[in-house]
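Work through the exercises below with the sequence and the structure open. Try each task before reading its solution.

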Amino acid sequence: MLGNYLIGLREGLEAALVVSILVAYLVKTDRRHLLPRIWLGVGSAVLLSLAITLGLGLQSRKFTFETQELIGGTLSLVAVVFVTWMIFWMAGAARTIGHDLRGRIDVAAEGRAWSLVVVAFLAVGREGLETALILWTNTQAAIGRDLAPTAQQTAEPLLAALAGILTAVVLGYLIYRGAITINLSRFFTWTGAFLIVVAAGVLAYGVHDLQEAAFLPGLNTLAFDVSHVIPPGSWYGTLLKGIFNFSPATTVLEAIAWVGYVVPVSYLFFRTTRPRPAASPRPTPVPEGSNP
């Protein structure tokens with residue numbers, strides 16, 4: 001469940017930062033009368049995200065097992081794309097997000113009344129849609145192959161993500177009030193590295209779903225089976241499954257997908273987040289004919 005908590009925390013913190021920047025800038029520029037437009041956009045984005053989350057959960061119950069596995073595997077792949085984009089975007093945007101948003105506000109405030117509503121809606125709605133899709137796939141992974149999941153199985157991943165979102169809201173408020181200062185670059189670097197492993201697990205799980213749907217081959221060709229060492233029903237097996245989507249019986253195609261994702265993405269991520277050395281000053285040119 002830690003993976004869901006971190007996803008909720010990261011997505012929620014990004015949305016909270018966006019809202020706090022929008023609100024703080026309007027307050028500092030003495031444009032408080034525009035705040036209701038911001039809250040209208042935020043509220044609309046939250047309601048849309050909740051509706052999509054509930055819709056995915058209700059609709060999936062009407063499918064056959066093979067169809068559900070095919071849809072679940074496909075959405076898992078889409079979720080991996082979203083998580084990967086989120087990791088790299090936040091790694092590069094942590095230093096400039098405030099400047100970019102303030103520019104959008106100035107343009108929107110001079111336009112029509114609904115312009116600020118659209119700015120807030122798009123800024124928060126994108127995070128909400130990503131979170132809804134990722135949470136749905138992670139909830140499916142936590143439930144596993146159980147066709148009659150218990151309420152606890154369904155609720156635990158959502159509660160973990162909700163706890164992360166609530167934590168992000170508190171952090172966003174404290175940042176707005178100036179009570180704490182977070183090194184965003186360091187925060188997104190560490191959580192980004194962790195989420196690379198989480199995303200690799202989601203990818204492997206999606207590949208397994210597609211194998212069960214008979215869309216991909218090799219369902220019975222195992223790379224390893226450590227079920228006797230890590231029983232799926234044990235507390236540590238459940239922990240590894242909940243956080244990393246680790247399967248004690250992993251197919252060859254799942255293992256290839258996991259390694260093929262982690263290695264290049266980790267390399268590119270740490271290359272992106274690596275501090276750049278300061279440029280050395282150029283020596284002052286010496287005029288010709290002068291003594292050194």
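Predicted model: local features only at pLDDT ≥ 70, side-chain atom pairs only at ≥ 80, totals over all residues.

Residues are numbered from 1 along each chain as its sequence is written, and side-chain values use heavy atoms, with hydrogens and water left out.

**Exercise 1.** State how many helices and strands the chain has, and give their order.

Solution. Helices (H or I, at least four residues) and strands (E, at least two) are DSSP runs, numbered from the N terminus. The chain has nine helices and two strands. Read from the N terminus, the order is α-α-α-α-α-α-α-β-α-β-α.

**Exercise 2.** Decide whether Ser44 is buried, partly exposed or exposed.

Solution. First locate the residue: Ser44 is in helix α2, residues 35-59. Next recall the classes: buried is under 20% relative accessible area, exposed is over 50%, and partly exposed is in between (1.4 Å probe, protein chains only). Ser44 has 31% relative accessibility and therefore counts as partly exposed. Finally, relate Ser44 to Leu122: they are 78 residues apart along the chain, and their C-alpha atoms are separated by 9.9 Å.

**Exercise 3.** Describe the contacts and burial of the chain as a whole.

Solution. Contact means heavy atoms within 4.5 Å. Take the contacts between residues at least 6 apart in sequence: 81% of these join residues at least 24 apart. For burial, 41% of the 292 residues count as buried.
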